[in-house]
Amino acid sequence: AIGLISLLTGIVYGIEPYGGDSMGWTNPGALAAIIGGVLTLVVFLRIERSVADPMFRIPLFRIRAFSAGNLANLLGALGRGGLQFMLIIWLQGIWLPQHGYSFAETPLWAGIYMVPLTVGFLVAGPVSGVLTDRFGARPFATGGMIGTAITFGLMEVLPVDFGYVWFALLLLMMGLSMGLFSSPNRAGVMNSLPPDQRGAGAGMMTTFQNAAQVLSIGVFFTVITIGLATTLPSTLTHGLVAHGVPLSVARKVGSEPPIGALFAAFLGLDPIKQLVPAAVLAHLSGAKRATLTGRAFFPRLITGPFGAGLHYAFDFAIACSAVAAVASWMRGGRYVHGMEDGPSARPGPLSQQSAPVGEPGPERIGSGSSPSRR
């Protein structure tokens, strides 16, 4: 707990501005938390290798299906966790305001417009679980990660001001791909474990997934901020000056860390009202003030810089999904611990003798209609 909390807290503070930098990766506190967290986790793993009843059972990684499934799970969570925040910011900060929604309404409607992602996951999860019971986990878990990578690639060619039908279809495809991966991968990992190790194995798998999702947020916000920091300051400065904001004020606003504008949009606030002092806005003409604080100015201003950062984020997600697909395929064929289900069913050092055909064997963890099968 100490190691993970320290590591993930350091990552969160790393995406916050520090000193004159747009991000906090030079913050001594953030670096100390990250390094200290990693060292604490190393100590934890050394302790777990020597105690009689470890909570985190390192020898389980000698089981190929367990190791490959956990690696695929970690990379899949790393690729999709933070990207969902990026899609929401894409909706709230750019697309919804340009289509008639006020900033205060965007959090609600972003959730509504993201529903196809959930629908796809809910449809594919149970279906892939039933098919896994019949054909094994590898083809569906691998196919799910391949589908996720393809969807991220299609997202890259989608214009920032997209037609919603295409966006909804891609969200549905992404949800189907994630659902196709999730249930089979978990079933494949759990089936590879001896019955008395499944509790520890499930906890380890969930720990990897939850930690990767938080890590993913730090990675994606870092990538987006790097993309914004290269072009947003000059774009914002010129845009403000063109609408009557004094040059000194516009330069100061343009030098503000881009992460502030992102979080303002994410919280349903008008970024311009948060960045430009109210006294400066009050001295502008009514028409210019209405333009600056309207629904179109900031979204159009940020479209180019945000699109550049979003492409970097999609590239990272594609790479994670592709490596996760390879890891998932490397799990081997259909493998249930203690049962001879295929050429790759080679029990690890923690396994027991395989049950002869026709005799009772270990319980198999199913993911579909039947919870267990002999």
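Predicted model: local features only at pLDDT ≥ 70, side-chain atom pairs only at ≥ 80, totals over all residues.
View 1. The chain as a whole has a mean pLDDT of 82, with 90% of its residues at 70 or more. Helix H10 (residues 258–266) has the lowest confidence, at a mean of 76, and H2 the highest, at 93. Local features need pLDDT of at least 70 and side-chain atom pairs count only at pLDDT 80 or more, while totals for chains, interfaces and linings use all residues. Residues are numbered from 1 along each chain as its sequence is written, and side-chain values use heavy atoms, with hydrogens and water left out.

**View 2. The chain as a whole.** The chain has 14 helices and zero strands; helices (H or I, at least four residues) and strands (E, at least two) are DSSP runs, numbered from the N terminus. Buried residues make up 48% of the 374 residues, where buried means under 20% relative accessible area, exposed over 50% and partly exposed in between (1.4 Å probe, protein chains only). Of the contacts in the chain with a separation of 6 or more, 74% are between residues 24 or more positions apart.

**View 3. Helix H1 and its buried side.** H1 (residues 2–14) has 13 residues and reaches 18 Å from its first C-alpha to its last, close to the 18 Å expected at 1.5 Å a residue; the expected span is 1.5 Å times one less than the number of residues. Its buried residues are Gly3, Leu7, Leu8, Gly10, Ile11 and Gly14. They cover an arc of only 150° around the axis, which puts them on the same side of H1; the arc is that of the directions from the helix axis to the C-beta atoms. These buried residues pack against H2 and helix H8 (198–242). The face of H1 turned away from the buried side carries the exposed residues Ile2 and Ile5.

**View 4. The aromatic pair of Phe44 and Phe56.** The structure holds 20 aromatic pairs. Rings of Phe, Tyr and Trp (its six-membered ring) pair if their centres lie within 6.5 Å; planes under 30 degrees apart count as stacked, over 60 as edge-to-face and the rest as tilted. Phe44 and Phe56 form an edge-to-face pair, 6.0 Å centre to centre with 65° between the planes. Phe44 lies in helix H2 (residues 28–48) and Phe56 in the loop between H2 and helix H3 (64–98), so the pair ties together parts that are 12 residues apart in sequence. Phe44 is partly exposed, with a relative accessible area of 26%, whereas Phe56 is buried, at 14%.

**View 5. The aromatic pair of Phe135 and Phe140.** The ring centres of Phe135 and Phe140 are 6.5 Å apart and their planes stand at 50°, so the pair is tilted. Phe135 is partly exposed, with a relative accessible area of 48%. Phe140 is buried, with a relative accessible area of 15%.

**View 6. Helix H6 and its cover.** H6 (residues 138–157) has 20 residues and reaches 29 Å from its first C-alpha to its last, close to the 28 Å expected at 1.5 Å a residue. Among its buried residues are Phe140, Gly144, Met145, Phe152 and Glu156. What covers the buried residues of H6 includes H3, helix H5 (115–135), helix H7 (164–191) and helix H14 (297–329). The charged end of Arg138 sits over the ring of Trp329, 4.0 Å from its centre; this requires NZ of Lys or CZ of Arg within 6 Å of the ring centre and within 35 degrees of the ring normal.

**View 7. A cluster of linked rings.** Ring pairs link Trp90, Trp95, Tyr101, Trp109, Tyr113, Phe152, Phe162, Tyr164, Phe167 and Phe314 into a cluster.

**View 8. Surroundings of Asn70.** Asn70 is placed in helix H3 and counts as buried, at 2% relative accessibility. Not counting residues up to four places away in sequence, Asn70 touches Val189, Met204, Met205 and Phe208.

**View 9. Surroundings of Gly254.** Gly254 is found in helix H9 (residues 247–254) and counts as buried, at 5% relative accessibility. Gly254 and Ser234 are 20 residues apart in sequence and 6.6 Å apart in space, C-alpha to C-alpha. Leaving aside neighbours within four places in sequence, Gly254 is in contact with Pro233, Leu236 and Thr237.

Terms used: Contact = heavy atoms within 4.5 Å. pLDDT = per-residue confidence, 0-100.
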